[in-house]
Amino acid sequence: IVPGNHDLARGEKSSVNAIMEKYTHGCDDFLPEDRKYLTDRFGFFQRVNRLLYKEKSIWPEDLSPLHFYRCCEDYNLLYLNTAVMCGGEKDRGHLIIGAGSLYPLLEKIKKENPSAPIVVLAHHAPEYFNDHERRNTEALFRENNVRLYLCGDAHSIWFRKTNNHLEITMGCLSGNEKG
């Protein structure tokens with residue numbers, strides 16, 4: 001599972017807006033005090049995570065790092081917390097995910113399991129990222145072995161080809177879907 005925008009406590013929009021305004025694009029992460037504020041809001045997600053994964057939780061309790069990976073024999077999983085900046089005045093088209101921190105993760109994947117494709121698990125599609133974050137993320141995915149991007153925020157089923165990978169949105173399936 002990955003965190004989504006309904007998995008966090010909504011606080012003052014002004015706090016998220018202030019963090020967004022001082023964020024430096026291309027840096028590896030948020031300022032430590034901002035990061036703590038942003039990740040502390042995911043208490044619900046952490047409870048669900050502990051219930052689902054009693055033996056060994058997938059996500060660290062403090063959601064650090066924000067994004068991480070797992071190498072499997074035939075593929076690699078890249079887990080993204082695209083909801084970290086949700087809750088401000090503008091979410092769609094303005095999300096910041098700390099895209100600068102993706103490069104070292106992709107480099108580690110290349111060293112550990114270079115020939116296996118990468119599957120990205122995220123809540124939001126890159127089109128919801130701020131332009132700088134989206135361009136950086138898409139360039140990193142294009143330059144690496146990302147082949148599939150699975151997300152769900154749109155609450156509908158659709159897919160599209162972006163660069164070298166297929167993006168599939170699964171959303172929340174309702175009873176009126178015909179299969």
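Helices and strands are here DSSP runs, numbered from the N terminus, with at least four residues (H or I) for a helix and at least two (E) for a strand. In those terms, Leu63 has its place in the loop between α3 and β1. The structure shown is a predicted model. Its chain contains five helices and six strands, and 46% of its 179 residues are buried.

**Overall organisation**

- Read from the N terminus, the elements follow the order α-α-α-β-β-α-β-α-β-β-β.
- Among contacts with a separation of 6 or more, 66% link residues 24 or more positions apart.
- The accessible surface of the chain is about 9,400 Å², and carbon and sulfur atoms account for 53% of that surface.

**Helix α1 and its packing**

- Helix α1 spans residues 13–22, and its buried residues are Val16, Asn17, Ile19 and Met20.
- These buried residues line one face of the helix, because they fall within an arc of 160° when α1 is viewed down its axis.
- In an α-helix there are 3.6 residues a turn, so residues three or four places apart point the same way.
- The partner against which the buried residues of α1 pack is helix α2 (32–40).

- Strands β1 (residues 68–71) and β2 (residues 76–79) form an antiparallel pair with four bridges.
- Tyr75 belongs to the loop between β1 and β2.
- Tyr75 has a relative accessibility of 36% and therefore counts as partly exposed, since that class lies between the 20% and 50% limits.
- Beyond residues up to four places away in sequence, Tyr75 touches Asn113, Ala116 and Pro117.
- The C-alpha atoms of Tyr75 and Ala116 are 4.7 Å apart, although the two residues are 41 residues apart in sequence.

**Nonpolar cores**

- The largest nonpolar core comprises 34 residues.
- The residues with the most contacts inside this core are Trp59, Leu78, Leu80, Val120, Phe141 and Tyr149.
- At least two residues of this core come from each of β1, β2, α4 (102–112), β3 (118–121), α5 (131–143) and β4 (146–151).
- Helix α4 makes the greatest contribution to this core, supplying four residues.

**The loop between α3 and β1**

- Helix α3 covers residues 43–52, and Pro65 is located in the loop that lies between α3 and β1.
- The peptide bond between Ser64 and Pro65 is cis, with omega at about 5°.
- Leu63, in the loop between α3 and β1, has a positive phi of about 55° while not being a glycine.
- Leu63 has a relative accessible area of 0% and is therefore buried, as the cut-off for that class is under 20%.

**His124 in the loop between β3 and α5**

- The loop between β3 and α5 contains His124.
- With 0% relative accessibility, His124 counts as buried.
- The side chain of His124 makes a polar contact of 2.7 Å with the side chain of Thr82.

Conventions: Residues are numbered from 1 along each chain as its sequence is written. This is a predicted model: local features need pLDDT of at least 70, side-chain atom pairs count only at pLDDT 80 or more; totals for chains, interfaces and linings use all residues. Side-chain values use heavy atoms; hydrogens and water are left out. Buried means under 20% relative accessible area, exposed over 50%, partly exposed in between (1.4 Å probe, protein chains only). Contact means heavy atoms within 4.5 Å. Accessible areas come from the Shrake-Rupley method with a 1.4 Å probe; for residues, only the protein chains shown count as cover. The arc is that of the directions from the helix axis to the C-beta atoms. Two strands pair if DSSP finds at least two bridges between them. A nonpolar core is a set of buried Ala, Val, Leu, Ile, Met, Phe, Trp, Tyr and Cys residues joined through side-chain atoms within 4.5 Å. A polar contact is a pair of N or O atoms within 3.5 Å; within protein, one must be able to donate a hydrogen and the other to accept it, and residues adjacent in sequence count only if both atoms are side-chain atoms.
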